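I opened the model to look up a few things and kept notes as I went. The entries follow in the order in which I made them.

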Number of protein chains: 2
Amino acid sequence: MSDTAARRFRPPAVPQVEVRGFWGPRIDVVADRTVGILFDRCIAAGTLDQVDPAVPVPDLRIPFQHGNSVTTQMFWDSDFGKIIETAAYALHRRRDPALERRIDEVVDAYARLQAEDGYLDSWFQRMRPGERWTNLRDCHELYNMGHLIEGAVAYFHATGKRTLLDVMARCMDHVIATLGREPGKKPGYCGHPEVELALVRLARATGERRYLDLAAYFVDERGRSPNYFDVEAEVRGERSEDFWFKTHEYSQSHLPVREQDRVVGHAVRAMYLYSGMADVATETGDTTLVEPLERLWADLTGKNLYVTGGLGPSQANEGFTVDYDLPNESAYAETCAAVALVFWASRMLGRGPDNRFGDVMERALYNGALAGLSLDGTKFFYENPLSSRGDHHRWTWHRCPCCPPNIARLVASVGSYAYGEAEGEAAVHLYCAGTADLDVGGGRRLRVVQETDYPWSGAVRLTVGLDAEADLALSLRIPAWAEGPTLSVNGEAVDLAAVSVAGYARLARRWSAGDVVDLDLGMRAKRLYANPKVRQDAGRVALRRGPLVYCVEAVDNGPLLDGLSLSPTTEIRHEFVAGLLGGVVALSAAAETDAADWGGDLYRDAPPDRRPTALQAVPYYAWDNRGPGEMAVWLRACAPDAKRDGTARS
Amino acid sequence: MSDTAARRFRPPAVPQVEVRGFWGPRIDVVADRTVGILFDRCIAAGTLDQVDPAVPVPDLRIPFQHGNSVTTQMFWDSDFGKIIETAAYALHRRRDPALERRIDEVVDAYARLQAEDGYLDSWFQRMRPGERWTNLRDCHELYNMGHLIEGAVAYFHATGKRTLLDVMARCMDHVIATLGREPGKKPGYCGHPEVELALVRLARATGERRYLDLAAYFVDERGRSPNYFDVEAEVRGERSEDFWFKTHEYSQSHLPVREQDRVVGHAVRAMYLYSGMADVATETGDTTLVEPLERLWADLTGKNLYVTGGLGPSQANEGFTVDYDLPNESAYAETCAAVALVFWASRMLGRGPDNRFGDVMERALYNGALAGLSLDGTKFFYENPLSSRGDHHRWTWHRCPCCPPNIARLVASVGSYAYGEAEGEAAVHLYCAGTADLDVGGGRRLRVVQETDYPWSGAVRLTVGLDAEADLALSLRIPAWAEGPTLSVNGEAVDLAAVSVAGYARLARRWSAGDVVDLDLGMRAKRLYANPKVRQDAGRVALRRGPLVYCVEAVDNGPLLDGLSLSPTTEIRHEFVAGLLGGVVALSAAAETDAADWGGDLYRDAPPDRRPTALQAVPYYAWDNRGPGEMAVWLRACAPDAKRDGTARS
């Protein structure tokens, strides 16, 4: 599709990767339980009634909010899009005719709903006829279409059925005819980015350049002056200053994207936009997008990212506030935002392997995103705080159910994020037992078989499969956290420094079937400290091991977790506990805690007595799976020293 | 007024006490600047237009909130009541004919507004005629009347003018005829307690027992079943479950007051109610109120009180949440609530001196309450957080201007809180240079002259004045924080332990004019630690000296105050700095701070480098008087010890 000869890494399609190990059972849970739950709850909410033109137009089910400009019911198509996508991945995992029939039923309703001219949006067609394309700022038309595109592409890959793919391609042809810079078109774009990255997937699936061009148009037009959303508001007879969120930073349309250098506004929108920008840069070879993307990446990862890979601290805008503002208990850190950061990071790998992107992708995946799904696949987090007094719990559904299908589709497609394929090259971004069949160009397939207990162990064996010997570069991510990693090929040690390119070991050689690569990443339990500008974490320490960030829970440590403190020098032990949370490596350490036997005293001249205790930490992703209780990621980093040396206090 | 012979301490009227020292200039600022500001801003808001029947009925100025049940405009009479009260105290301080004319103008408007039958409430008479006594839960009629009573009593004491006093007495006679348990009356009471304590003041000023009985009725009837507010809501055609605040805990009417044992709901309402309960207990000798008051006192001071004497952590209900929930940055801790705690504590002294009450009164007065008024008397805090990232500032006015006149009237009448007078007894609750003329019964006046630099020094000399020798008990508060206090009478040491009664030195002897008492409280800068159940203060330390709680501000210490830490053993130095914040004792200490030179790193394996620094703390009441910046009361209590002993970090 591109005229340039740029190096271009793409993720393999989900069916190219068979996943076992850590992620295998998680995908099974999504396939066995979560997908069904998503369908059931969505349909129970009335979503299909809104789509199906054969049933009467339903009453409004969900009230308006934000000055009556938005009801979450406007986004129902996106829920179906994500559910179809999740279900498609599940079907690849295991055939399920009943599930396939449910999808076909929804697809059929959409096919019947689609307008003569290709337009498709159940809210506008059924609930607000005549109002289409009048409020791109608030009403998510293109966002909905984008998610349906993603569902269509995944379903096509999983089943070969192209009804929805054709519907969505026709819909995008209508969009091409409606939106754009040409005379007679509206120079609009969506208030909620998403369709950009979806269009790139559609272009890849169909081979049609025009969908890539439409994505590039949406990226390029965004934030130009005069702001489209202001113009559009005036046409509606509204004053642009009455916009609920006050600033177009909310939707990252305050400036042309190439002039943006701070992550602002709604976090999910930001991540989806940057994902689309990165996709467009990869596919078109437009290098003018690279520098803005690097600036935004530095701003996010250097100033605005939770240690869990969560992001967007504020509930008010579901997004960013000021630099280094990372409150723990009130963290919004929407599951969707961490999922979307995985999307962005994976797309930043499009220009080639780089562990800056791979490491953050892994951190967001294993922590901020995965926390959003309960171990049994039936309950969800919307917000992901880094501490709780015991009043934050997983729910079974939400008035705005964007997160459940988002984390479900990510888990179900995780194999696709683990690899990159390019002309004469392949990359392993994530380690996980399984088998990938990668297209390395020229009709060649490179099979990579991973054997590993990752993330519980840092030892990975990769065995190569090839029909014939081939000169290929295989790049393996060496995470920045790896402690003295070692690498060998067919038992012969490789000098990592000599082959290291952007944090990946790049093994460019003639490969044969049966070649074996042994990698040991050197995984140790370690402490993490936050930049002192993060005032909420001052004097505090977090624990991690490999890609996993840990937390303490009251169920293991008793209440009053803020009383716990960990000396900077205590040994952190690790142990795999099969019966704990589905089998995890738990961390433990000697610690101290405040003795809370103060009776009726609220304040005293002397500090609390300290008593020794044993601390146990579990992976953050697994918290709140054992009943209510306090949780904390950031522990106090020291004990008051007065008690240690026995000197007088005050 | 009472039939009992119970020991009963009352505060002297403001004109009985001449205040110099710390409080003198503060009262002058209120008299010279704040009172005028209060009048100007209130009248500019349209308040007098609502009162004066000679002007046309104005339009609604302030929108409704809370499901359209409340506009702050309903409370405008209370603003006038508090302003008149403040102005009355100011007039005692210095005659000001222009100010007196302003008051007379408002009083005249109220006199003309008062209904034939005595009813008086400008909102209902002018804005909602015909609706009086239909919504005691939300509409503050009795609250407004209570504040006007307090203004009337103060103005009568200051000037001898009794127009407003007579108006309010007649208004209360109307209330007596309207509300009560007798047939034909409504068994109501106010959603916002206040009138109870005001009625006790009215009873004392007029000598009329019926006003005390009305106060006792309001106390006794509150929270009985069926709940009056539910009955009333049904009469209005509303469902009681639609009440915005969901629970009658909000107004402490969820249970009869004698069954209450937890401080709940709106903090100011709670404090006013308990104040009224204590007043009624003192004046009627009703000992059945004592135990509930003690339970509530223990619950507040043992579990729910900020170290500043602030209270009510939550903005949502302007009140209490769960025990030990004392967040610092998001603390609501309304100025009015700390002021009202001073009221309650002072009234708990009605049954006799007890430093449990006197100490808390002093703490709330000097910290949580006084912080609400800028040093120049022109700007105000509504919320009083215990830490700020630099975005919390004093404002010049507020849509709900309850706090400015509340702190102003407290400051202007502080002399009244410093003493208690009883039959044959007197007590000194607060130390401050000045002269008090106390009524100790039998026509005797006891003059107490205090010479002291308190709160900067703990040394106090008291000189007695009497017309004739008298056997009297003079009780002097010995704060629990005093370090090795000493006491002498006419140069002769007194064994404090021998004369100590409930934390007061009770000097029962024959007193003569010219007797001199020298008291040294032993004032030292000290550390305070919070109960480990207060998770927000775990591992943290606060500084205080005498009654003052200190804070650090960025203007003295630079930004990133969370980086500061104070070892438990470092010496805390104190020094009076005349040029600082109008003259304060500042505290200083060697401390450490995080070196914030992390460049683009957000997280690292090693803790921040620590560097030595000097910490300066200033009294909390004086913060945010030198421009915007961070502030913190609770400092990190130690430095990471890894940096100290130079050992490796994990």
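**Entry 1: strand β16 of chain B**

Buried here means under 20% relative accessible area, while exposed means over 50% and partly exposed lies in between (1.4 Å probe, protein chains only). Strands (E, at least two residues) and helices (H or I, at least four residues) are DSSP runs, numbered from the N terminus. I noted that 6 of the 6 residues of β16(B), residues 548-553, are buried, so the strand is largely enclosed by the rest of the structure.

Which strands pair with β16(B)? I used the rule that two strands pair if DSSP finds at least two bridges between them. Strand β15 (residues 540-545) of chain B is joined to β16(B) by 2 bridges, and the two run antiparallel. In that pair B:R544 stands opposite B:V549. β15(B) and β16(B) form a hairpin with 2 residues between them, and B:G546 in the turn has a positive phi of about 60°. Strand β20 (residues 610-619) of chain B pairs with β16(B) in the antiparallel sense over 3 bridges, and there B:V552 faces B:A617. Strand β21 (residues 631-632) of chain B also pairs with β16(B) in the antiparallel sense, over 2 bridges. The bridge partner of B:V552 in β21(B) is B:A632.

**Entry 2: ground rules**

I wrote down that residues are numbered from 1 along each chain as its sequence is written, and that chains are lettered from A and ligands numbered from 1 in the order in which they are written. In this predicted model local features need pLDDT of at least 70, side-chain atom pairs count only at pLDDT 80 or more, and totals for chains, interfaces and linings use all residues, while side-chain values use heavy atoms, with hydrogens and water left out.

**Entry 3: two sheets in chain A**

I traced an open sheet of 5 strands in chain A, in the order β3-β4-β8-β12-β11, with mixed pairing. β3 (419-422) and β11 (500-501) stand at the edges with a single partner strand each, so one side of each is left without a neighbour in the sheet. β3(A) is joined to β4 (residues 425-428) by 4 bridges, antiparallel, and A:Y419 stands opposite A:V428.

I then traced an open sheet of 7 strands in chain A, in the order β1-β5-β6-β7-β13-β9-β10, with antiparallel pairing. Its edge strands are β1 (17-19) and β10 (492-493), each pairing on one side only. 3 bridges join β1(A) to β5 (residues 434-439), and A:V17 has A:A436 as its bridge partner.

I checked the UniProt record, an unreviewed entry: it places "domain: Non-reducing end beta-L-arabinofuranosidase-like GH127 middle" at residues 427-523 of chain A. Such annotations may be inferred rather than shown by experiment; positions are in the numbering used here and feature names are shortened. Over residues 427-523 chain A is 4% helix and 54% strand.

I found a cis peptide bond between A:S225 and A:P226, with omega about -5°. A:P226 is in the loop between α9 (209-221) and α10 (228-235) of chain A. Chain B has a cis peptide bond between B:S225 and B:P226, with omega about -5°.

A:W133 is not a glycine, yet has a positive phi of about 60°. A:W133 lies in the loop between α5 (122-127) and α6 (141-159) of chain A and is buried, at 4% relative accessible area.

**Entry 4: a glycine in a helix**

Is B:G151 buried or exposed? B:G151 is buried, at 0% relative accessibility, and sits in helix α6 (residues 141-159) of chain B. Leaving aside neighbours within four places in sequence, B:G151 is in contact (heavy atoms within 4.5 Å) with B:G81, B:I84, B:E85 and B:L164.

**Entry 5: the two copies**

I laid chain A on chain B: a turn of 180° and a shift of 0.0 Å along the axis give an RMSD of 0.0 Å. The two copies are thus related as by a two-fold rotation axis. The superposition is by least squares on the C-alpha atoms of residues with pLDDT of at least 70 in both. A:C638 comes closest to the axis of the residues of chain A, at 3.7 Å (C-alpha).
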